[in-house]
Amino acid sequence: MKELAIFGSTGSIGCSTLNVVRRERDRFAVSILTAGHNLQRLTEQIREFTPRHVYILEKQDAEALREQFPGLDIYWGKDGMEAISRLTDFDIGVSALVGVAGLRPTWNMIQNGKTVALANKEVLVAGGRLVMEAARKQNATLLTVDSEHSAIMQCLRGENHAEIERILLTASGGPFFEKEITDDITPEEALRHPTWKMGPKITIDSATMMNKGLEFIEAKWLFDMPIDAIDIVVHRESVVHSAIAYQDNSVIAQLGVPDMRIPIGLA
């Protein structure tokens with residue numbers, strides 16, 4: 001049985017990861033859960049999945065958890081995140097913290113030679129060269145949970161990397177692709193993604209297409225490709241999650257329903 005460390009367990013990716021665990025309890029257990037401010041959801045997750053170690057950002061929330069779970073190993077604050085991300089009693093670490101906050105915990109898992117399922121593209125945007133070099137040096141396995149990059153990873157299975165002509169990175173275009181962006185647009189409209197249900201940060205980034213810029217950088221580092229060999233292709237339906245064009249003019253694509261449990265389960 002594989003044990004998981006889920007960094008960002010109360011967010012969208014973290015909850016989807018735990019949905020995968022629910023379906024396959026004979027294959028997966030949970031060793032570590034970390035959250036920011038969502039004490040109630042973390043408490044529910046602790047009761048259901050019985051981890052050995054947990055983290056929450058604020059000291060008062062950590063103290064509340066200690067009252068409810070006196071035998072649990074609990075961390076909080078900046079030093080607590082550093083400490084819990086250096087633990088080694090798990091098999092696969094899911095890096096799903098929001099933004100650059102995920103860089104240091106991911107770095108620590110890589111330094112310990114862990115398998116990391118990366119759902120935080122900012123880790124590679126901020127530290128791509130350093131992270132990839134460290135993964136190679138420490139013999140750590142870095143997998144991707146981004147739907148587009150997971151699709152690319154699947155298209156590359158068994159193929160010769162040297163024969164790749166281009167990466168075709170798909171984009172839905174977000175809610176405003178066919179609408180002029182004006183000052184009248186509301187946050188609610190920006191959070192209404194046409195095909196995916198995601199956390200608020202990535203949804204807003206998708207509404208402005210900034211998210212695809214971040215994914216472009218992520219693809220460059222993950223797949224060791226020059227930037228002029230990566231194309232962004234708008235595909236409104238989000239059925240083709242990405243594709244690889246090869247030098248013989250063939251294209252291999254990965255298709256599926258827009259459900260994050262698929263790339264999570266693969267990783």
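Is E122 buried or exposed? Before the answer, the ground rules. This is a predicted model, so local features need pLDDT of at least 70 and side-chain atom pairs count only at pLDDT 80 or more, while totals for chains, interfaces and linings use all residues. Residues are numbered from 1 along each chain as its sequence is written, and side-chain values use heavy atoms, with hydrogens and water left out.

E122 counts as buried, because its relative accessibility is 16%. The cut-offs are under 20% relative accessible area for buried and over 50% for exposed, with partly exposed in between, using a 1.4 Å probe on protein chains only. E122 lies in helix α6, residues 122-138. Helices here are DSSP runs of H or I with at least four residues, strands are runs of E with at least two, and both are numbered from the N terminus.

What does the side chain of E122 make a polar contact with? The partner is the side chain of K201, at 2.8 Å. A polar contact is a pair of N or O atoms within 3.5 Å; within protein, one must be able to donate a hydrogen and the other to accept it, and residues adjacent in sequence count only if both atoms are side-chain atoms. Leaving out residues up to four places away in sequence, E122 touches G99, V100, K201 and L214. Contact means heavy atoms within 4.5 Å.

Next, α9 and what follows. Helix α9 spans residues 200-207, and its buried residues are T203, D205, S206 and A207. They pack against α8 (187-190) and α10. After α9 comes M209, with a positive phi near 70°. N211 lies in helix α10 and is buried, at a relative accessible area of 5%. Not counting residues up to four places away in sequence, N211 touches K121, I202, D205 and S206.

Two other residues deserve a look for their backbone. Most residues other than glycine have a negative phi. S238 has a positive phi near 55°, and N249 has a positive phi near 75°. S238 sits in the loop between β9 (230-234) and β10, whereas N249 sits in the loop between β10 and β11. N249 counts as exposed, at 72%.

Now the cores. A nonpolar core is a set of buried Ala, Val, Leu, Ile, Met, Phe, Trp, Tyr and Cys residues joined through side-chain atoms within 4.5 Å. The largest one has 36 residues, and those with the most contacts inside it are F7, I110, L142, F223 and I244. Its largest share, six residues, comes from α6. L142 touches I110, V116, L118, L124, V131, M132 and L222, again not counting residues up to four places away in sequence. A second, separate core has 31 residues, including L33, F49, L72 and V145.

On to helix α7. Why is α7, residues 147-155, described as largely enclosed by the rest of the structure? Because seven of its nine residues are buried. These are S147, E148, H149, S150, A151, I152 and C155. The buried residues of α7 pack against β7 (141-144), β8 (164-171), α10 (210-222), β10 (240-246), β11 (251-255) and α11 (261-266).

On a 1 Å grid over the protein atoms alone, a cavity is a set of points where a 1.4 Å probe fits but cannot get out; a pocket is an open set with protein on both sides within 12 Å along at least five of seven lines; lining residues have an atom within 4 Å of a point. Grid points are joined across faces, edges and corners, and a volume is the space filled by probe spheres set on the points.

The count is one cavity of 30 Å³ or more. The largest cavity has a volume of about 60 Å³. Its lining includes S147, W196, H241 and D259. The largest share of that lining, four residues, comes from α7.

Finally, the second largest pocket, with a volume of about 260 Å³. It is lined by 17 residues, of which F28, I92, I264, G265 and A267 lie nearest its centre. The elements giving two or more residues to this lining are β1 (2-7), α1 (12-23), β5 (92-95), β6 (115-118) and α11. That is where I will stop.
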